[in-house]
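Work through the exercises below with the structure open. Each task is followed by its solution.

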Amino acid sequence: MEPETPTKAHVVSSLMSVKKKSGKTFGEIASETGLTNVYVAQLLRRQAQLKPDTVPKLRASLPGLTDTHINQMMDFPLRSYDPSIVQDPTIYRLNEAVMHFGESIKEIINEEFGDGIMSAIDFFCSVDKVKGVDGKDRVVLTFDGKYLPHTEHKVEHMVSRLNLQKD
């Protein structure tokens, strides 16, 4: 009988336990691995795939990671989320901010780049802490995505059509 595959929640719980035992923050792990703090969190939450070149750095930063952990992190991730997380005030406010500023952000992207979008695949994200002019802590979110222009849909550029016409 084959061993049962652990659930994503079980894997994430185990990975987060290793992080907690290390006593390190996402930022500290990020500095030691050369990754962004958000990408480190995504790796440990199984929202991103660990690449072979990063394994030695991550092992050095989190020596509690087992071979099983590494193999799980190198597997294709399930980039899902629990819909109930939208109830969390931080996530709710983030959604609210994007919805509130989204139309203006879209207009500026179009004005600066043309008709297109910001990629969420070729995308970097970080969270930083700075002091405001009033001395209070402020959250800085950086979304750094590749610009992807919308394309005109010409039949002559549609490879599948071209292949069908050859037959």
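**Exercise 1.** Find which helix has the lowest confidence and which the highest.

Solution. Start with the chain as a whole: the mean pLDDT is 92, and 95% of the residues score at least 70. Confidence is lowest in helix α7 (residues 159–166), with a mean of 71, and highest in helix α4 (residues 55–61), at 98. Where pLDDT is low, predicted coordinates should not be read in detail.

**Exercise 2.** Describe helix α6 from its N-terminal cap to the residue just after it.

Solution. Begin at the N-terminal end, which D88 caps: a side-chain oxygen of D88 lies 2.9 Å from the backbone nitrogen of T90. Then follow the helix, residues 89–113, to G102, where α6 bends by about 50°. Finally, just after α6, G114 has a positive phi of about 115°.

**Exercise 3.** Classify D67 and R59, the partners of a salt bridge, as buried, partly exposed or exposed.

Solution. First confirm the pair: the closest N and O atoms of D67 and R59 are 2.6 Å apart. The cut-off for exposed is over 50%. D67 has 52% relative accessibility, so D67 counts as exposed. R59, at 32%, is therefore partly exposed.

Key. Residues numbered from 1 in each chain as written. Predicted model: local features only at pLDDT ≥ 70, side-chain atom pairs only at ≥ 80, totals over all residues. Heavy atoms only, no water. pLDDT = per-residue confidence, 0-100. Helix = DSSP H or I, 4+ residues; strand = E, 2+ residues; numbered from the N terminus. Bend = angle between axes of the 7 residues up to and from the residue. Polar contact = N/O pair within 3.5 Å; in protein donor to acceptor, adjacent residues only side chain to side chain. Salt bridge = Lys/Arg side-chain N within 4 Å of Asp/Glu carboxyl O. Buried < 20%, exposed > 50% of the residue type's maximum accessible area, 1.4 Å probe, protein only.
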